[in-house]
Amino acid sequence: MGDGESRPLVAGRLRDGQWQGVDTVAAVLLALAFGVSETLSGGWGAGVVAAVVWLPVAVRRRWPVRVLYTVLAGAVLAVVSTGWEASWVPVGTALYTVAAREPRRPSATALGCSLGAVAAAMALGPRPVPASEVAGGVVFASLMMTLPWLVGTALREQRSYAELAARQAVTDERLRIARELHDVVAHHLTVITVRAEVARAVASTNPEETERTLALVGTAGRTALTEMRRMLGVLRSPGDGAELGSAPGLADLPALAAGAGPRVELSVDPDPPLPPGVELAVYRIVQEALTNVVRHAGSADCRVSLSRVDPEAVEIEVVNDAPARLPSQLPSRFPFRRLGGGHGLVGMRERAAMCGGTLSAGPLATGGFRVHARLPCGSEAAR
């Protein structure tokens, strides 16, 4: 009574056409076996009926509902004409297939019709029998139908949950990749745009600053392309559950600080090493914080510190000084506010929350801005 939905080991390697062949061989053999048995005990008529009832089972996977009602009609005819109660066995086989492959409502309807047919056939049997025997026959037939139907229904529900879990996993992975892409694009495009404006503003008066700024633009562009190729490669991967590969971590913080644009004083105390997920969260929080510095404070100095306050947690602090004065020709065309989407702090808080941590941010009395996060990284992170 095995179906294609549950395919362990060798059976799982069979294709639909091969399963069709297995069903055909099984139906023919069972038809012959029951036909010969009924012929020896009840004559040719009973043998032919037994064989005819089993044969449609060969195509049960292709037309589950049609096969069920065909077999059910044959079984009722067999019981009414010959009293052959074993005809309910192929009905149970067909009913299992309907329960495993069809939606809940058609499956329940099929079970109800089958049980109703059992009662009608037993009541119209070919000879008067005691009520207790009729009741026993009804119980036997009901079990031969209800049990396969329950097994098929359980398999269908299990498959539905597995498909739902698979779709949810794909959705979660794509959301994770989308978050990574947002952080990469937001940071590097902000650096590129702001630095390009600075280079244009000082091109005629400060060639050295222009050269340094354009070098930052090139570095940011190359880094963004590298990260985006890595993440988009995951989306193109045919396999499920692909990872993002070598996700950025603490070792990439110096390059991030050097390419941000502002003068960044970086202090990292990663001992002992952080879990990979926490490292990625630290990197993205620092990246978003530096993005906000570039976006809103121009070339203000910035301090980034990462410290282990205890074995169970790591603290991140990003502080920038008051916004530096820009060349007088910049304010009229420098798009600081237009670059901001207003989601930087929200994104950082979500990053911290994903690790079970907290994040706070706000202006300083001196006119600068401070971002502080605490992320669990030991047994605290596992709770």
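This is a predicted model: local features need pLDDT of at least 70, side-chain atom pairs count only at pLDDT 80 or more; totals for chains, interfaces and linings use all residues.
If you follow the contact along the structure, you will find Trp-88, Val-91, Leu-95, Val-98 and Ala-99 on the α4 side, meeting Ser-107, Ala-110, Leu-111, Ser-114, Ala-117, Val-118, Ala-121 and Met-122 on the α5 side. Sorted by class, the residues of this contact of α4 with α5 are eleven nonpolar and two polar, with no charged ones.

Let me turn now to α3, which covers residues 64–82, and its packing against α4, which covers residues 88–101. Here the angle is about 160° and the axes are 9 Å apart, which means that α3 is roughly antiparallel to α4. The crossing of α3 with α4 is left-handed. On the α3 side the contact includes Pro-64, Val-65, Leu-68 and Leu-72, while on the α4 side Trp-88, Pro-90, Ala-94 and Arg-101 are among the residues taking part. By class, the contact of α3 with α4 has 15 nonpolar residues, one polar and one charged.

What angle do α3 and α5 make where their axes cross? The answer is roughly 10°, with the axes coming within 9 Å, and α5 here is the helix of residues 104–123. Because angles under 35 degrees count as roughly parallel, α3 is roughly parallel to α5. From α3, the residues in this contact are Leu-68, Tyr-69, Leu-72, Val-76, Val-79 and Val-80, and from α5 they are Thr-109, Ala-110, Cys-113, Ser-114, Ala-117, Ala-121 and Met-122. The contact of α3 with α5 divides into eleven nonpolar and two polar residues, and no charged residue belongs to it.

Finally, a word about the aromatic rings. How many aromatic pairs does the structure hold? It holds zero.

Notes. Residues are numbered from 1 along each chain as its sequence is written. Side-chain values use heavy atoms; hydrogens and water are left out. Axes are lines fitted to C-alpha atoms, for helices over the stretch in contact, and angles run from 0 to 180 degrees between N-to-C directions. Helices (H or I, at least four residues) and strands (E, at least two) are DSSP runs, numbered from the N terminus. Angles under 35 degrees count as roughly parallel, over 145 as roughly antiparallel, 65 to 115 as roughly perpendicular and the rest as oblique. A crossing is left-handed if the near helix is turned anticlockwise from the far one by less than a right angle, and right-handed if clockwise. Contact means heavy atoms within 4.5 Å. Ala, Val, Leu, Ile, Met, Phe, Trp, Tyr, Cys and Pro count as nonpolar, Asp, Glu, Lys and Arg as charged, and the others, Gly among them, as polar. Rings of Phe, Tyr and Trp (its six-membered ring) pair if their centres lie within 6.5 Å; planes under 30 degrees apart count as stacked, over 60 as edge-to-face and the rest as tilted.
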